[in-house]
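I opened the model to look up its overall dimensions, its sheet and its core, and I keep my notes here in the order in which I went through them.

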Amino acid sequence: MPSPQKSYSGSEDYLPHRSGPAIKAGRRVFSGFDSLPGDRCLEIYKIMVRARAVEERTLKMSKSGEGIFWVGGPGEEAFNVCLGLQVQKGCGPAFDYLHLHYRNLGIMLAMGMSMADHIRQMAMTATDRHSRGRNFVCHYAMPEWNVIPVTSVIAVQYVMAPGTALMQKRHGGNGVSVVLGGDAGSSEGDFSSCMVWSTRPGNELPVLMIVTNNGFGISTSTKTQHSERNISDRGEAFGIPGEVVDGNDPVATWFALERAFEHCRTTRRPFLLEAMVSRLHGHSSSSGAARVHNETDCMRDFERRLIQEGVIHRELAELVWHDAREEADAAVEQVMSEPMPTPDDVDRFTYAPSPVDAVYPEDYTGLPR
Ligand SMILES: Cc1ncc(C[n+]2csc(CCOP(=O)(O)OP(=O)(O)O)c2C)c(N)n1
């Protein structure tokens with residue numbers, strides 16, 4: 001790939017002189033009867049590329065010793081970016097709450113998080129805003145955007161979401177509690193608890209339940225574990241409407257998410273959306289995270305469509321990739337010069353202050369020795 005000169009910053013058009021306007025006026029990209037305008041497609045595409053560039057760079061970090069453990073979402077960018085762009089971002093019950101899974105980088109980038117704030121957690125630096133270098137990558141926590149701390153214990157987020165949704169319903173407004181998890185996690189009791197708590201008669205809650213179905217729980221195929229036709233069909237017994245969407249198709253995803261959000265915002269009741277996505281690498285670095293080539297790549301598919309339908313030029317696509325990779329490299333370089341946590345602060349932020357602290361003044365954790 002050539003190394004084009006950098007001529008882009010922020011939302012300005014790419015290459016206005018070399019190849020005409022970045023977006024051809026009036027172009028739309030269709031999926032069935034739905035279509036998105038070219039400028040929205042370009043916005044989604046650029047964030048998808050940035051997400052993929054960070055994933056590629058952090059995968060390298062896990063191999064080079066600049067980071068230890070990698071987990072992430074290559075193959076889920078189309079779905080995640082569309083979701084992140086539709087979130088009502090803010091702090092408190094008037095805004096959406098996010099109970100995320102560990103493959104949701106695209107959501108956070110689309111909401112405006114910097115690459116560096118993802119990479120700091122990968123490098124486990126003390127400057128990591130989510131966990132001060134003490135948690136795995138993709139385990140975000142941002143109270144200012146209602147991002148509830150991500151846990152490695154799968155599916156527990158489903159049982160937390162009705163809690164924030166209950167507060168939102170009491171508060172008034174149209175905030176939604178969005179919760180995401182994988183297909184394997186949907187077998188946990190927490191998933192059922194979410195359906196029960198979101199549909200108590202007279203106390204229905206605005207929970208947008210999402211399952212990103214990538215067909216695997218680590219190395220176990222979903223097909224060998226589930227006999228229901230769709231995971232989203234399980235909502236039927238609780239009166240929760242649902243939909244299955246091709247999460248590799250950003251246009252279809254955009255409208256499915258619009259419908260789901262609209263339902264929760266206006267009826268103050270739950271919705272269950274199942275997105276069929278790909279997992280383009282092994283589960284995590286613990287299993288080697290090898291690239292697989294027998295699954296749909298939403299990134300390359302969308303790029304091909306945008307070029308074929310005349311929304312963007314190949315030259316523009318190359319420039320977007322070039323800039324995203326440069327941004328990721330620069331972020332890693334910056335982060336690797338930042339301080340690491342020290343042994344003395346290993347207990348900090350682990351336990352909230354409690355009255356027991358006074359009883360055990362020498363022991364920061366407040367626990368008996
Ligand atoms: C309660 C619990 N059981 C088991 C594990 C081990 N584990 C980690 S990831 C994973 C598979 C999760 O698969 P899925 O929910 O489909 O999400 P995906 O990783 O495919 O996105 C399992 C079983 C865990 N972290 N927590």
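**Overall dimensions**

I compared the radius of gyration, taken over C-alpha atoms, with the globule rule of 2.2 Å times the number of residues to the power 0.38: for 369 residues a compact globule would come near 21 Å, and the protein chain, at 21 Å, agrees with that. I note that this is a predicted model, in which local features need pLDDT of at least 70 and side-chain atom pairs count only at pLDDT 80 or more, while totals for chains, interfaces and linings use all residues. Residues are numbered from 1 along each chain as its sequence is written.

Along the principal axes, the C-alpha atoms of the protein chain fill a box of roughly 70 × 50 × 40 Å. I counted a residue as buried if 20 or more other C-beta atoms, placed from the backbone, lie within 10 Å of its own, and found that buried residues make up 44% of the 369.

**Sheet**

The DSSP runs (helices H or I of at least four residues, strands E of at least two, numbered from the N terminus) gave me nine helices and nine strands. Taking strands as paired if DSSP finds at least two bridges between them, I traced an open sheet of five strands in the order β3-β4-β5-β9-β8, with parallel pairing. β3 (97-99) and β8 (242-246) stand at the edges with a single partner strand each, so one side of each is left without a neighbour in the sheet. I then followed β8 to β9 (residues 271-276), to which five bridges join it in parallel, and saw V245 opposite A275.

I defined a nonpolar core as buried Ala, Val, Leu, Ile, Met, Phe, Trp, Tyr and Cys residues joined through C-beta atoms within 7 Å; the largest has 92 residues, of which M48, V179, C194, L208, I210 and L273 touch the most other members. Helix α1 (residues 38-64) gives the most to this core, with eleven residues.

C194 is also among the buried residues of helix α6 (residues 189-198), and with contact meaning C-beta atoms within 7 Å, those buried residues pack against α5 (156-171), β4 (177-182) and β5 (207-213).

**A78**

Leaving aside neighbours within four places in sequence, I listed its contacts, which include M48, G247, C298 and F302.

Conventions. Buried ≥ 20, exposed ≤ 12 C-beta atoms within 10 Å, placed from the backbone. Contact = placed C-beta atoms within 7 Å.
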